[in-house]
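Here are my notes after a look through this one. I start with the charged pairs, then turn to helix packing and a sheet.

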Amino acid sequence: MSGSGAAPGPASGSSPAACRFAHYFVLCGIDADSGLEPDELAVLYQWLEADRHGKSQDAANTTSGENFDQSPLRRTFKSKVLAHYPQNIEWNPFDQDAVNMLCMPKGLSFRTQTDNKDPQFHSFIITREDGSRTYGFVLTFYEEVTSKQICTAMQTLYQMHNAEHYSSVYASSSCSMDSLASSIDEGDTTSLLKLQRYNSYDISRDTLYVSKSICLITPLPFMQACKKFLIQLYKAVTSQQPPPLPLESYIHNILYEVPLPPPGRSLKFYGVYEPVICQRPGLSELPLSDYPLREVFELLGLENLVQVFTCVLLEMQILLYSQDYQRLMTVAEGITTLLFPFQWQHVYVPILPASLLHFLDAPVPYLMGLQSKEGTDRSKLELPQEANLCFVDIDNHFIELPEEFPQFPNKVDFIQELSEVLLQFGIPPEGSLHCSESTTKLKNLVLKDLVNDKKNGNISTNSISMYELLKGNETIARLQALAKRTGVTVEKMDLSASLNEKEKDLKLQCEDAELKDYQLNVQLREVFANRFTQMFADYEAFVIQTAQDLESWLTNREQMQNFDKASFLSDQPEPYLPFLSRFIETQMFATFIDNKIMSQWEEKDPLLRVFDSRIEKIRLYNVRAPTLRTSIYQKCSTLKEAAQSIEQRLMKMDHTAIHPHLLDMKIGQGKYEQGFFPKLQSDVLATGPTNNNHPPFPIIPSFQQECITPRGYYWYYYFVYWVCGCLILDLLVVLSIWYDSSFALGPERRKSDSGVMLPTLRVSLIQDMRHIQNMSEIKTDVGRARAWIRLSLEKKLLSQHLKQLLSNQLLTKKLYKRYAFLRCEEEREQFLYHLLSLNAVDYFCFTSVFTTIMIPYRSVIIPIKKLSNAIITSNPWICVSGELGDTGVMQIPKNLLEMTFECQNLGKLTTVQIGHDNSGLLAKWLVDCVMVRNEITGHTYRFPCGRWLGKGIDDGSLERILIGELMTSAADEDLVKQCRTPPQQKSPTVARRLSITSLTGKTTKPNAGQIQEGIGEAVNNIVKHFHKPEKERGSLTVLLCGESGLVAALEQVFHHGFKSARIFHKNVFIWDFIERAVAYFETSDQILDNEDDVLIQKSSCKTFCHYVNAINTAPRNIGKDGKFQILVCLGTRDRLLPQWIPLLAECPAITRMYEESALLRDHMTVNSLIRILQTIQDFTIVLEGSLIKGVDV
């Protein structure tokens, strides 16, 4: 979800999850029942580190998960999600493993009373496959361990650690007592007994503490507000006095009663002790960014940041390195925020978990953050040997730039302008390390050397002389005191103020500092945005728009040139060319131009809309010729205006959320105990408000854009159930109109006269109600009403049907009070209009729920009449299969291409088996496709064929297995275009898979590179399928046997280099080669040097022959291509394909049937194919019954 998107606009009384400030509250920590479990990710990290440094795996102790060389208090243990509320949001499922890993990246940490136990705050980001983001904000603190079992386990670990450590030391005969002491503890050479005491945990002497995390997961990055709220919760836990209300009240309030602020507005809600304020930019402003850029510039320095920013623009590999997780997140979010109007398009992992360290070796652009170990020498860090890697050591103020690195245009003037902004806010441009944890480091630095050091991005003092502008600034006062001791002369400033006055204004100063951070953020971003506005002010003149409509453009976008790069570069000042010539080749620029082209058919991308409006302003105030470019630097002129808009929002609250209030809780639970986070009552936090005493969200007059983004569709689905205090379901219940014909229905659509096409399914509100009424499984009116809503939503008729229902004003007045939402014509029409956006998504909320009902289906077989017989004499049959079952074999009446049948709900349809008995004289049938439609939901599936059915033609098949694809009607496409959210882009249509005999000279055969790419894509799709949550997975059958599936890809491999398709006028197929290979394996014994290789190869040959013979003897009339499909499916399921490929590649028959240039005769290609196929062996593949029916292996 983009921060630039508009806020959702909840209607009065509604509480949709998509419009809430926070989605989840999470508690992570130790599970007392499980005890101490070693962190598997930490163990894997140790193994990877040992492997990268060439150490033995035993050194990492991977088998047991223990590391006896490390103190138990310094080891990491497995954490768990102890609780999260609510349990789940349907459109934003809770990913327990990911949240647990990111809340506590190091696992559990233990401390004693002598260790530092200050709470630590960090944030994280989860990016979904569709590019939307979820933000997490975490406060980690330490809680006393009260479990004797865990304390005893820790003491036992210490005893094992000491015994192992000292025994290994004493076992070394070459160690003296002096070296023994030094080996145990560096820098302490006193006594062994003292060392042993400090290197132990005594349950009777020490108090054990363990880390615990509280987390808020939000749709937008309101970092400051979430941090304040979590800190107040922590203070309530550690305070001597209990909080004013139970903690459940505050958590319930932020989860269910605090809305997202609308664009351009501010919001105040309440924590435990103080109000919390947040603001959101308007639609014409830069998108939301709550991470303080002040920290980014202090950590990196101005010149360093500009260099890293340039690397990001050129899509290089960026690796951030720091001990602090929050620093990694702040720098990553800060830099990507400055990219406006462009967006990072590649791998983005600000906090890289230990289990994903191998991602660093990926040969693709990425922006990742890696946590450094405390005390680790940077020189020992093993970095990928990439020429375009930019390494950023945040803690040490150091960067390594890639080779052949172009400079950002007008870099010197650009840095000068940014320096002026930073100095106005008291931030030295060279960066600063005066963060709280680095104060001691700052005191040891010499100011003069710090300013004049040019190695790490610092600029000389003589280039900036503006300290006189900063009189009275507290930051400069500290630097002045430091400079005085180092001999640097700075004008004295009077900073005397009484301690009482400072304490009195402490709260005001805190709010003022927050305001200044917001203003600094927006002013710095305005400077960066102004550079792009100046550089690309005339980009529209070079955009090439040749397509007449969106569909044709999407189909040909890969072959089309969308931007006149040569003309654009020729128009630019010469100093800009090294940078711009590389930048316009990046994916982020290509996406920017694509969005511009698509904006002529769809609503503009929010970032593009803001950017174009800024260019329009430039044109209004600039009279220069559009094509005249100049390298003269032009400063940003909107800094003051941007800062004022922020100040106005924060000084005057636009909206105030309701106060936390006492909930209906059980007495005696959640008792306050200082220092311990209470066990929260799940029943009061699992759901939102159930009464209408007060509206949970402030009333906002209009629906906003963000409500109709793909992730916001469910907002309306829930809104239908609860609107303005009266269920719309009640309308259907009370009206009792299941058979009422008094409603004015539109004219029904006539059935098509075409004999080979499905007739149009009529749109009828009454008919849909009759379908629901006939469902004997539903016993109540409310149940029928809900089923009707599910059916209307799946048919994409919800808005149309509701409009028809609500058109009866007499009944509406009778059922609804005067102030009801549905009685307001303007808001009702707006609501019905926005419901149209639901039509952009295919829902199966009716089909997947009512699995046992009887459903009528209609099927049509479409032959290719020009090449096939109009009438066949054989007896055709068909079997339709879906995710929930199949119809069994159904005979088709002779010479009829259309039939209807009724059976139990099949779910989403997957395959169709079609065939005939080959009887009579006209028994050859060329089928183009089969169409099957669910007569209740209207879902229509197309099953492409394009092959003959009959003996002596094609591959001799009398039956074929066809793979289905869900069709989109023209009406649906029109509705999608009407909605404000753009539909998902479709991939270019893949040509129907053909047999080798049909590959004539007119058809372009794929080359070796395209075939290898197809194999990789097919395997990659299967891997991605299994990495998705089970509920989000599509059809595995399509990935195996579809037009771009694994079977089709392997067919292309076997077709490549295949010799003449006809020998004495007889077709030759891949299966002929398979059968010749089987004949060779069964009649010959191969001689190998290694006995183990002999056994393995004999076993593989025997298995291969067994599978082929089982397919040949199966009681099915499947053709040769169909048999090959079954073989590939079985080999994939049973993990045998990587064993069979080398057998076929070494078979003597291959030299007779394949050209020398064939892929199967190239050893490197075969080995590469084997490695690719091995990647899917880790997954359990379950084949659909229709694919392997009758084959007994």
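1. Across the whole structure, a search turns up 31 salt bridges. Keep in mind that this is a predicted model.

2. A local one first: the side chains of Arg-294 and Glu-298 form a salt bridge, 3.5 Å from N to O. The two sit four residues apart in helix α8, so about one helical turn separates them. Arg-294 is partly exposed at 25% relative accessible area, whereas Glu-298 is buried at 6%.

3. Arg-614 pairs with Glu-526, with the closest N and O atoms 2.8 Å apart.

4. Glu-585 and Lys-565 make a salt bridge at 3.0 Å between the closest N and O atoms. Glu-585 is in the loop between α19 and α20, Lys-565 in helix α18, so the pair links parts 20 residues apart in sequence. Glu-585 is exposed (51%); Lys-565 is partly exposed (29%). Elsewhere, salt bridges with shared partners join Arg-947, Asp-954, Asp-955, Arg-960 and Asp-1121 into one network.

5. Back to α8: its axis comes within 9 Å of that of α10, crossing at roughly 105°. That falls in the 65 to 115 degree range, so the two helices are roughly perpendicular. Among the residues in contact are Leu-293 and Val-296 from α8, and Thr-330 and Val-331 from α10. The contact residues split into five nonpolar, two polar and two charged.

6. Lastly, the open sheet: five strands ordered β19-β15-β21-β22-β24, with antiparallel pairing. The edges are β19 and β24. Two bridges join β22 to β24, and Tyr-941 has Leu-966 in β24 as its bridge partner.

Conventions
Residues are numbered from 1 along each chain as its sequence is written. This is a predicted model: local features need pLDDT of at least 70, side-chain atom pairs count only at pLDDT 80 or more; totals for chains, interfaces and linings use all residues. Side-chain values use heavy atoms; hydrogens and water are left out. Axes are lines fitted to C-alpha atoms, for helices over the stretch in contact, and angles run from 0 to 180 degrees between N-to-C directions. Angles under 35 degrees count as roughly parallel, over 145 as roughly antiparallel, 65 to 115 as roughly perpendicular and the rest as oblique. Contact means heavy atoms within 4.5 Å. Ala, Val, Leu, Ile, Met, Phe, Trp, Tyr, Cys and Pro count as nonpolar, Asp, Glu, Lys and Arg as charged, and the others, Gly among them, as polar. Two strands pair if DSSP finds at least two bridges between them. A salt bridge is a side-chain nitrogen of Lys or Arg within 4 Å of a carboxyl oxygen of Asp or Glu. Buried means under 20% relative accessible area, exposed over 50%, partly exposed in between (1.4 Å probe, protein chains only).
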